[in-house]
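Subject: Structure for you to look at

Hi,

Here is the structure I promised to pass on. Please open it and keep it beside this email as you read.

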Amino acid sequence: MRPDGVSDETVSALGKLSEALEAVEHARGHLYAFHRLCGTADLTLGDAVDELREAGHDDLADRVQQELVGRNVLEGRWSFQIVEDYDDHYWSAFRDLERTAREELVQGRRHLFESEMKEDRRTHGRRHHESRPGE
């Protein structure tokens, strides 16, 4: 429930801020997936080099080894460095400011907009429509 004196506009604004944070969290998940896929590709590339050598294609294996294995995915960076930059310079700042806004405006309560939507949409007194666990 919203604290006393908190306006609909404040709840709506914090809902938008929360929605934006959810998008940032989703993007972060994709970034981590990108990181994992890049790592998998590099390790698989190493296997390909080994198999090219075993098949007698040493020149091509050397070229793949030298040009692709361990190569930066962006100028000067491996994927883990991209993830670290995102986490350190964007994601963490976003989370901190969203938390600060909630603490200053609604006593730190999360998902106030959704909580009120649930109260409006649920069937009161019906099983599986409880407001909180154990209600």
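Start with the aromatic cluster: Tyr-86, Tyr-90 and Phe-94 form it together. Bear in mind that the model is predicted.

The structure holds three aromatic pairs. A pair of aromatic rings is described by the distance of the centres and the angle of the planes. Keep those two values in mind below.

Take Trp-78 and Phe-80. Their ring centres are 6.4 Å apart and their planes meet at 85°. Planes over 60 degrees apart count as edge-to-face, so this pair is edge-to-face.

Next, look at Tyr-86 and Tyr-90. This aromatic pair is tilted. The centres are 5.6 Å apart, with 50° between the planes. Where do the two residues sit? Both are in helix α3, which covers residues 79–106. They are four residues apart there, so about one helical turn separates them.

Tyr-86 has a relative accessible area of 19%. Buried means under 20%, so Tyr-86 is buried. Tyr-90 has 40%, and is therefore partly exposed.

Arg-28 lies over the face of Trp-91. The distance to the ring centre is 3.7 Å.

Best wishes

Definitions and conventions:
Residues are numbered from 1 along each chain as its sequence is written. This is a predicted model: local features need pLDDT of at least 70, side-chain atom pairs count only at pLDDT 80 or more; totals for chains, interfaces and linings use all residues. Side-chain values use heavy atoms; hydrogens and water are left out. Rings of Phe, Tyr and Trp (its six-membered ring) pair if their centres lie within 6.5 Å; planes under 30 degrees apart count as stacked, over 60 as edge-to-face and the rest as tilted. Helices (H or I, at least four residues) and strands (E, at least two) are DSSP runs, numbered from the N terminus. Buried means under 20% relative accessible area, exposed over 50%, partly exposed in between (1.4 Å probe, protein chains only). A charge sits over a ring if NZ of Lys or CZ of Arg is within 6 Å of the ring centre and within 35 degrees of the ring normal.
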